[in-house]
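Try each task before you read its solution.

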Amino acid sequence: MAFDKMELNEIEVWDGNFAAAQALRQVQVDVVSAYPITPSTPIVEGYAKFLADGYVEGEFMMVESEHAAMSGCIGASAAGGRVATATSSQGFALMVETLYQASGMRLPIILNVVNRALAAPLNVNGDHSDMYLGRDSGWIQFDAYNPQQAYDLNFIAFKVAEDHEVRLPAMVHQDGFMTSHTAQGVKTLSDDEAYGFVGEFKPMNDMLDLENPVTHGVQTEEDWHFEHKARQHHDLMTKVFPKIEEAFDAFEKLTGRKYNIVEEYMTDDAEVAVVALGTSVETAVEVAKEMREQEGIKAGVIGIRVFRPWPFEYIAEAIKGIKALGALDRSSPNGAMGALYNELAGILVNSDEKAVLTNYIYGLGGRDLTKAHLKEIFKELKANADAGKPTTELQQFIGVRGPKLAYL
Amino acid sequence: MSEMKKIKNLKEFSTSADRFEGANLLCPGCAHSIIVREVLNATNDDLILSASTGCLEVCTAVYPYTSWDASWIHIGFENGSTAVAGAEAMHKALKRKGRLKQPDKEPKFVSFAGDGASYDIGFQWISGCMERGHNMMHVVLDNEVYANTGGQRSSATPIGASATTSPAGRVSYGEKKNKKDMVAIMAAHGIPYSAQVAPNKWKDMVKKIQHGLEVEGPVFINAMSPCTTEWKFDPKDTMMISDLATDSLVFPLYEIIDGHKLNITYRPKNVIPVEEYLAAQGRFKHLFKDEYKHLIKEWQERVDKNWEMLQRREEAGV
């Protein structure tokens with residue numbers, strides 16, 4: 001192959017975007033089909049520059065929209081090779097039609113989603129509206145809380161998605177700006193280690209196998225559509241978690257870095273805990289420690305590492321013994337309870353656990369979730385735990401101007 | 001290089017389809033299947049194909065069946081062109097990386113789409129594919145209407161046609177807008193080759209398809225596809241209607257090289273009045289009422305003017 005390897009330091013100072021771009025280079029993605037959008041653009045720019053500098057071999061299709069970007073990825077993936085792209089927010093929304101097509105056609109495309117709010121009003125900063133929009137699309141969704149994880153989870157995503165027993169596309173999420181543009185120390189893999197971990201792409205039903213023509217993207221009506229969708233759901237429910245566990249184990253052996261489908265922090269003896277995604281998990285862990293040290297509140301944090309498939313049983317295990325849970329949703333629920341609240345309620349309703357569950361809506365459009373906010377939340381959860389019932393409204397908005405917004 | 005196929009006669013040509021099965025669900029008399037056979041039969045090259053959502057797609061790949069004996073992909077209504085462009089990019093990448101399973105073969109990439117999927121909803125995607133210079137061919141099966149959804153107007157629907165969303169009625173003569181000149185728009189991308197073809201002129205079609213597959217870069221083909229259902233004519237008359245279209249010059253056959261040099265490829269010996277073309281189809285029936293007869297005159301004038309324009313462009317030779 002005609003490309004040069006890159007010598008990386010053991011620890012590089014990378015932001016989340018560059019970490020993801022480096023991962024795409026190291027797994028030698030064959031085709032990137034992409035369209036620029038803030039804050040994810042540097043990921044595909046990075047791939048283009050590596051290509052221009054001869055550090056990766058592949059094709060970069062700079063197309064005319066995100067819909068076309070994913071369409072190009074689908075064609076390229078069906079042709080039989082390793083495919084990735086990146087997007088955010090409005091671009092993600094424009095891709096939605098093709099996201100369902102990619103997963104329904106069982107194509108292992110990797111999409112780096114740098115989470116950003118959805119307009120209107122227009123906003124370039126991070127929240128989880130786009131991630132939530134993707135949750136019924138049939139993709140696997142990994143969530144990174146920092147640049148290191150944005151790097152690592154790309155390798156995991158390729159390994160799991162491309163497994164012939166899985167054959168499903170996967171998203172690697174990171175928070176817009178908070179992760180994507182914040183430079184931190186990132187422990188690297190060498191090019192050989194990284195490529196070796198993911199392995200050479202093994203095509204299946206590839207259009208470019210000219211001796212074995214295939215038909216992709218057929219029509220099915222009431223006679224077969226349900227079976228196809230059921231099979232996809234079945235594989236998401238039964239095959240994906242074992243494969244992720246396997247990949248996490250292999251990755252730990254290689255790097256010493258341990259990932260879990262649900263990340264638990266101080267939950268063993270926790271009386272109260274928040275459940276969160278993204279950068280907020282790290283802030284919450286810091287505050288939980290302070291609550292223990294300063295307030296004597298046995299606080300814990302549950303971080304969702306895999307958002308889809310939804311880790312129902314892992315969370316059921318994680319919440320054991322916890323008396324009050326706060327679901328932190330960083331997306332406007334627009335007339336309902338937040339998504340995490342509803343998912344957790346679904347676990348609790350048939351459980352022997354009797355945790356009081358409340359919902360906090362925070363951080364829309366990049367608004368900070370401060371330590372002070374989290375302290376307040378933990379105190380409220382403690383009051384709920386002591387009372388054995390909610391002492392606040394079920395849903396509260398955190399950090400928004402004007403009179404307090406709370407419902408139910 | 002494209003592998004040229006020697007074609008002796010129509011019988012041999014029309015029966016040599018081994019990559020598009022007659023077992024499909026298209027209407028009897030539908031020109032789509034005729035055009036697809038003509039395109040596929042024009043070459044012995046390996047083909048990677050796509051179809052955008054539409055009649056061709058829903059009638060040829062209904063699980064667990066397929067009419068396609070070449071690799072084929074459908075994603076959605078607007079993006080069949082980009083699907084093939086993605087496959088073409090992957091081919092380039094794998095070729096360079098030495099990972100092709102049959103490295104000695106050079107497949108050709110062809111996307112099929114209706115006029116709705118090309119002139120309207122897929123316009124941007126096709127423009128992108130043409131502009132980026134993919135080595136691919138996009139073929140429009142132009143039946144001038146959204147046939148698959150039951151006959152709504154598209155921007156390819158001609159003036160005076162009755163479509164379900166621009167119906168002729170007590171106070172309307174149907175579609176009010178002239179057909180979009182898609183070939184000119186695509187040629188304006190500076191692509192190496194664009195052309196109009198019609199199923200009745202199969203030798204012209206074969207020549208153009210073979211040339212299109214041979215040139216490097218994006219190729220745009222607009223194929224007239226008479227629709228028995230929506231144009232409202234007897235299924236046995238598809239070729240007759242095609243003859244009327246090409247011989248009345250309503251659908252002139254020409255090609256544009258490198259985005260500018262225009263060649264007319266068919267000159268009817270006896271040019272037929274446009275009125276005969278219109279009269280043969282139910283979609284124009286209402287134009288023959290007294291109050292709309294002036295529209296037939298206008299139709300003739302428009303066709304004459306267009307033909308003159310094409311001739312002048314050809315003469316100019318620039």
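**Exercise 1. Count the helices and strands of chain B, then judge how compact the chain is.**

Chain B has 12 helices and 10 strands, where helices (H or I, at least four residues) and strands (E, at least two) are DSSP runs numbered from the N terminus. Next, the size: the radius of gyration of chain B is 19 Å, close to the 20 Å from the globule rule for 318 residues, so chain B is as compact as a globular protein of that length. (That radius is taken over C-alpha atoms, and the rule is 2.2 Å times the number of residues to the power 0.38.) Finally, 53% of the 318 residues in chain B are buried, meaning that 20 or more other C-beta atoms, placed from the backbone, lie within 10 Å of the residue's own.

Before you go on: this is a predicted model, with local features needing pLDDT of at least 70 and side-chain atom pairs pLDDT 80 or more, while totals for chains, interfaces and linings use all residues. Residues are numbered from 1 along each chain as its sequence is written, and chains are lettered from A and ligands numbered from 1 in the order written.

**Exercise 2. Find the domains of chain A and describe the domain 1 side of their contact.**

Start with the bounds, which come from an automatic or database domain assignment: domain 1 is 11–255 and domain 2 is 262–407. Their C-alpha centres sit 28 Å apart. The contact takes 27 residues from domain 1 of chain A and 20 from domain 2; two residues are in contact if their C-beta atoms, placed from the backbone, lie within 7 Å. On the domain 1 side, strand 6 of chain A gives the most, with four residues.

**Exercise 3. Work out which parts of chain A meet chain B.**

Each partner's share comes first: 40 residues from chain A and 40 from chain B. Among the chain A elements giving two or more residues are strand 2 (31–34), helix 4 (89–104) and strand 9 (215–216). Helix 3 of chain A has the largest share, 10 residues. Now look at strand 9 of chain A: it pairs with strand 2 (residues 71–73) of chain B in the parallel sense over two bridges, and pairing takes at least two DSSP bridges. Within that pairing, His216(A) has Ile73(B) as its bridge partner.

**Exercise 4. List the buried residues of helix 12 of chain A and some of their packing partners.**

In helix 12 (residues 339–348), the buried ones are Ala339(A), Leu340(A), Tyr341(A), Glu343(A), Leu344(A) and Ile347(A). They pack against several elements of chain A, including helix 5 (129–133) and strand 15 (356–362).

Conventions: Buried ≥ 20, exposed ≤ 12 C-beta atoms within 10 Å, placed from the backbone.
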